[in-house]
Every structure is written in C-alpha cells, then in structure tokens.
Amino acid sequence: MKKKTWLGLFVLIFFSILPQARCAALPATERVVLENGLTLIHFRDATIPAVSLELLVAAGSWRDPEKQKGLANLTAKSLLLGSRNLTYDQINGTVDYLGAQLDVECGKDFARLGMQILKKELDAGVDLVTELLINPVFPPAEVTREKTNITGKLRAMEDNPADLANRAFERALFLNSPYASDAEGTEASLAGIGPADLAAFYGSFYHPSNTVLVVGGDITMEEVKSRIVPGFLKWKAAKAPETVFKPEFAAGKTIVKIDRPISQASIVIGNPGLVRADKDYYAFSVLNQILGSGNLSSRLMVEVREKKGLAYSIQSVMLSRKHAGSFRIFLQTKNATAGQAVDLAVKEMKRMQNEPVSEEELKRAKSYLIGNFPLRYGATQQDYAKFLAQVEYYGLGLDYPGKYASLINAVTPQDLLRVAGAYLQPERNVLVVVGDAKDVQLQ
Amino acid sequence: MRILILLASCMLALFSSQAMGQSFKDASEARLPNGLKVIMLENRKAPIVSFQVWYRAGSRNERVGRTGLAHVLEHMMFKGTKRVSGEEFARMLDETGGEDNAFTSHDFAAYFENLASDRIGIAIELEADRMQNLVLKEEDFQTERMVVVEERRMRVDDKPQSFLVEQLEAAAYQSQPYHWPVIGWTGDLARLTIEDVQDFYAEFYNPANAFIVVTGDFEKESLLRELEKTFGKIPARKTSPQPYIEDPPQSGERRIVVERPAQVGTIAAAYHVPNLRDRDSYVLEVIDSILSGGKSSRIYDRLVRGQIALEASTDYSLTSRDPGLFYLAASFLPGKDMDEIEKALYDELEKLKTTPVEAKELEKAKNQLESAFLLNQDSLFSLGLQLADYEIAHGWKAIADYLPSIQSVTPEEIQRVASKYFTPANRTVGRLIPAGPAENAPAPTPGGLKDRMIRLLDKPLH
C-alpha cells in the first residue's frame, strides 16, 4: 500500500536548510559489523512512532549473466512471493494487516528491500523481513505470475516516451557493457529464467557480507540489538563470487530515432560520465547545478524555457554508478522544435567549456547544494535510511554529510572548466529522439 | 495506477491521542486585521520551516471559455514584481538552499518555500510582495503560455489514460466546475489574454481569499509580528463569493469512449460521492482501503492477482471543496474481454452491499489507514499540506475528527453507503480503446491515473 502520488516526489526533494544548521538537521549515526558480516547502521529520529528497515544488497542487474538479463531483478522481486514458512497470501495479508509499507526494487548497481512500520508492530515486522530475506523459496507458480507482471510493465514502459528515450540512451551509450540492458530484462530473456536460476543467483549474492542494513526511526541502538539483530544473525555468512565489470562506451556521434505518434518529442543527449568514487564528482555536481539542476535559475531552464518557451521540462542529470557513469540532458518539446531545443542545449554545454563561470553564479550553486543537502536526503526517516545505505555501498564514509560542504566549497571556476572539458561532449555524444518522425527536424 | 492521497487513518484510542499529540493537536490559527488567516504548527525536529501561501483560486473559479487561467497565473507568479524581478526571486531562494515550487488544483493555487528557519524572512518578504505587486507583462505571458501548452502535451495529450480521465470527468460533472481540467482546454489556452490573467489576479489574490500555513521550527509570536509587518500592510478587500456547487443527481448511467493509440486499454468508472462535510466520506475511505489497499485487497486480488488486469485500483479523496467522485479503474493488455473486467469491478461493489465485511478485514483496513496517516506526518511539508487540504475542504480543525470517525465505521455502514452511492444511475463509465498500430502506441505512465494537482516545475530526482 505504497502511496504513489506526486506528494512522494515533493517529500523526497523539496526541503532544505542552511549549511551551518546541517549537523542539527541530520540525526547522528552509528555503524557496526555483525559477526555474520552484515553491516548495520543505526540512527534515531522519533518524529513519528515508526521504524524503517532498509536493506541494500550488492546484487544489481549488472551481475546478470549475458543470456539471463532480468535475473537480478526477478530474484529481488521474488523475495516477496513465498518463503519456507509463508505463502504469498500469508505474506501480503500480514503486510496489510500490520499497515506496513514493504517494497523491493532492483537497479543496475544494487537491489533494495525496505520496510516502514509502526513501532508497536515492530517485532512482527522484523519476523517478516528476516523470514523473507533468509528463507525465500521461489515458488514456481508465483514466479511465473511475476514474470507475466514484469512483461506487462515492460510493454507499458516501452512506449512511455520519457522512459523509452532514457532506456534507449543507456543501451546506446553503454554498448555491450552490463549497464546497457534494462534491469527488467526483456520478454525473451525472462522466458529463459526459472526458479532454479533464481535460487542460484540468490545463493551467490544474497549474503550478509554483501548487504547493508540501516535501521532508523523511533528506536535506540539498545533496542536494535535486542529486538532486531538476533533475527538477522540467523542469516549465515558466506562469500560472494567476484564479478568483473568491463566498461565500454559508444565512440563518436550516435543518433537514435524512435518514431511514435505523439505530439511532443522526448530527447536525451549525453555522454560517458564519472563513477561515484571519482574525486571530480563534486566539481561536476556544481557544474550540473549551474547547467541544468531543474531550478528556474539553471542555464538550460533560463535559455530553453524562460526565454523561448520551448519546454516545460529540461534538466541535466549526472548518473554516477559504481563502475561507470553517464551525463545526460533530458528535455521534452513539441516535435517541430526538437532541433532548435537540441541546438540550445548543445550551445550551453559549449558555454560551460569555453567561459569561466562567474564567482557569483558559482557561489550561488554551492550555497544551494550545501544548504539543500540535509533534506534532499533527510526529509523523512525512509529517505535518510536509503541515503545511508548508499553512503555505505559507495564507500563514502559515515562522515560524508559532515564533509560535504568542504568538498563543494573547494570547487573553483578552473575546476569547472576542466571537468566541463573532460565530461561534456557537445559534438561526439549520443542523441536519442522519441517523437513523430514526420514532424521532428534535427538541424 | 493507485494514486491515493492517503490521509486517512484510524487507530486504537490510546494510541491515537499519543500520535495526535505529536502533530495536529498543537496546531493553532490567527487572523490578521485584513482578514488573512494563519495556521501554525510548531515542530522542532530540525531547524527548518515550511512556509506555504494558499489562494482559494483554482480552476473552479474560472469560467467557460477561459479554462486554465488559475494555473497560467500560478506560472506568472514567478515572473517578478515591481520590486523583485523573476530572476532575482529565483536567485534569492537558491542562495538559501531553499526549495520553492507551486501547484494548482481545482480548488486552489499554492506556493511554498521550505528553508532554514532563520531564513523564513526571505520567504515572507517574497510572498507578501507577490500577493499584491505582481507585474503581468504581455511578453512574459506569451512565452509562459507556450510552456503551459508543452506541459499539457506532456501530462495529457500524450498520455492516453490522463486523456481518458479528462473525458470521464467532463461527462460526470456537469454544473460543477470540476467539469473542466485544471490545465485547461487547448482551445481556451490559445484564447487567454494577459487581461484575463490580470483580472483573475485582481479578483482572487488578496488577504481574505488566502491563508498561510507554517509548520516547523518557528516561534509563534515573532512569526505573527513579522507577518503583520509584511502581509499585514496589504489592504483588506472584499472577496468574491465562493458558492458550494453540487451537481444534481444523475438520471442514468453515462458512458464515454476514447479511441487513441495505446498499448494498454483502460476502463474507469466514477460515482458521485460526498466530501468530508458528510459522515459518509469516512465510510468511503474505509471502503477504498478494503477494495484496493495493498496486495491482499479485494480488487487487487480479484483482478491483478487473478490476471484479468495489469493494474486495478480505486481512488477517493475526501478533501475536495465541492463533492467529488469515487473512482475505479483497471488497465489491461489488448485482447481481454472488457465487459468481463467491468463486471468484475462491479461485482466487488455488489459484495459490499450484500455481505457485511468481517471484523478482521475491517480491522486490517483501519490499520492500513492509521499507519498511512502517521507515516505521512514525517515531513514538515506534508504536515502543512494536510492542514491546508482540510482548510480548503471544510476548515483545518476537521482533521481532528478524522481518526475517531474512521475508527467508528461499522460493517452496517459500509453496506448502507455502498448501496447508496454505487448504483448504475450514479455512474459514469469511460473506456480507453487502443486504436492504431499497437507497437507505436504511447502507454500509461507510472505515477497515476489522475493527477490531482499540477505544478510549476517537475523537478528531477537525483
């Protein structure tokens, strides 16, 4: 019973405070590694009488074997389909009766399982989550149903212009490397995956040492130790096999056109970017803020929307994953102005490379990023739990929130020119256009 | 497709008083001499405030031939005043690290800033300024209208399900102004003039037609002093009447068909129902939860788990100003029997009439509503939003009745309410029939069959 409204979006990203108030705004954290190798992070936030459990397993779709795309995602989804002691109906009946929010997602880097539950139901919630995580059985009939479900959603997504454009972009940019494929796989690849494959994938990668558990909310570390840790200690230690990631990127200009009978073109233009651990990540964050944060003051917004009225939505996105990154500009404009909008976007990329950013613009971008940090990641208990799990996964260190301001403040106009030169490719990029081919004119 | 704004809840009496103690019980209101109401809720969880200005000026205040006006004005509110240009406005808020945005619905337009509590003065200055000093220029208007037309393409024209809902509502509502979409009809958008925008601003943007909601870390007395120095200077004005508008009873089922290129077909049905002014609204909340709250719910189990539909759900919001609709919807791959799907939906409604809901299932529904209600109080912004939603619908104090009302819903009431509203004569049904080459068809997008509000910016998720 996940609330799926625009509200979720607002709550996630629309709060902010000042740099100096940062420490006060984000709850303190404590980290321990349990004897079975599970990393546990705790924070206390008693705003509401609830507790969030967030599990991140380093078992994203990049680990899918070549011929079994969609395996990681189907494994993650199947955790909720049945366990040694609970049937599908029992699981969902319990979740709903407890009023819990339980969801599983699988991306390209990792899978996550999250539960938020009222404090008074905590013990039942912990029993449920540990049972699902430790004792999945991948019941064949349910797995088949889940495959049908994923296939249906794939069909729907395939024709969502924005989704389609972004997925086509990743396929074109990452060529044959593991990030190229959709996490869900394809109708054909799913057909070749059965319960035994899921059990094998689970056996390889679902281990305590490959997992981060964040417990946050109206709960102390003592309570975590007495009420939550024992359940997770039933999970046996094991070692995950090494998988090697071979990055590979499109070389030179690539244009992908997808014809659809729609009035508005969805356009993605972009190139390889940086990995999350790259030290230039912060300089590029500042660049991205100035170029296309999505705020009304960002350059792309000013040039394309405010001055020309060509788009409702235009933004640039840096997606820095563990093993490879990407940079992209995403915009939607009527078919007839696609070429004009693309030209404006390219012009702004070049401007970032050729003209130093003014001190004033730089200051404003930094001030926004630093001030906005705490509630970009900490507006709600669940947001903060998700954030901390990723801080651990990407190896940023739990002092990351404290360091963030100095990392951003260190960025100079010269840094911006340098990273613009290195990570923006206005000419040799991947361009995807989903629109009505007879009306779309690229110049 | 499930798109509820789940404000509802219920809980054990003992627990509820504790939970309420943390939030709405402490809310209070004040009124400035010029008529501007201020609703305040202090919460010290972090040094942050959410400052929100709400105008009772949504699409329901528009007139035929000029739809979309309230939303276009919302966009124009970012174009600058006599004192602060649009660029300066954006820069000033950027520097605080604050977030600001705005959204418009049938009932209101709302503007907010979430920012560090020691910067609240900036939000107050900027909002007070644009309540009275907005500069509405022809040139800005022409550009912004283009932006809004792009927004309409994105939200409605290229989304078959949204298009279906627009048509469904236009058929279900006749005399109620919910008849037209918040974003406006395409032809009307082309007809709007800067004079229309100026007139709408002059008529509806004034202290007595607005209210302020502040949640978070602030001190009431000093906040009110600050508001008096700024908003308090705006002269009082007479407001236009805001009649309560209710459609007459339908005299029979209404059906519409939308034929568009689409990968997935959709059936949606809507019944006229009351809002929170009526006790029945709480019963409808519980019904909504029984039918589609979670994967063990009746409609999910019957249609999605039963593999008749890709997605199926109900939707109801009790905080509309005028009476609203209770929606049922299902989407499905081509080739399915639409009559069978439609019948399956109605069967679930019939069961509610004939068989009392068992105690355990009723308790489950109430648990879910309770939990959703509490979890939704986690952010200051959503606390403010909930207060404002109630204020718009019936006065913010009604939020206190909510939990006990839900708690007291009985199986007999569910039978009575289902029998009263879920009748064929009270129903409007819409079918989206996929037409044209399927492989080229646009499809439903995640995030909702029905957007209740539209906003200035769709911001990226980082």
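1. Domain spacing. The C-alpha centres of domain 1 and domain 2 of chain A are 28 Å apart. This is a predicted model, so read the distance as computed from it. The domain assignment places domain 1 of chain A at 25-233 and domain 2 at 254-435.

2. Domain contact. On domain 1 of chain A, 36 residues are in contact with domain 2. Domain 2 of chain A contributes 36 residues in return.

3. Who supplies the domain 1 side. Six elements of chain A are listed as giving two or more residues to the side that touches domain 2: β1 (29-33), β2 (39-44), β3 (50-57), β5 (111-118), α7 (161-173) and β6 (211-217). The largest share, nine residues, belongs to α7(A).

4. The domain 1 residues of chain A that touch domain 2 split into 21 nonpolar, nine polar and six charged.

5. The sheet. Six strands of chain A form an open sheet with mixed pairing. Their order is β1-β2-β6-β3-β5-β4. The edges are β1 and β4 (101-106) of chain A, each pairing on one side only. From one strand to the next, the twist averages 15 degrees.

6. One pairing in detail. β2(A) runs parallel to β6(A), and six bridges join this pair. Leu40(A) is opposite Leu213(A) of β6(A).

7. A helix on the sheet. Helix α10 (residues 221-233) of chain A lies across β1, β2 and β6 of chain A. Its direction is at about 140 degrees to β6(A).

Note on methods:
Residues are numbered from 1 along each chain as its sequence is written. Chains are lettered from A and ligands numbered from 1 in the order in which they are written. This is a predicted model: local features need pLDDT of at least 70, side-chain atom pairs count only at pLDDT 80 or more; totals for chains, interfaces and linings use all residues. Domain bounds come from an automatic or database domain assignment. Two residues are in contact if their C-beta atoms, placed from the backbone, lie within 7 Å. Helices (H or I, at least four residues) and strands (E, at least two) are DSSP runs, numbered from the N terminus. Ala, Val, Leu, Ile, Met, Phe, Trp, Tyr, Cys and Pro count as nonpolar, Asp, Glu, Lys and Arg as charged, and the others, Gly among them, as polar. Two strands pair if DSSP finds at least two bridges between them. Axes are lines fitted to C-alpha atoms, for helices over the stretch in contact, and angles run from 0 to 180 degrees between N-to-C directions.
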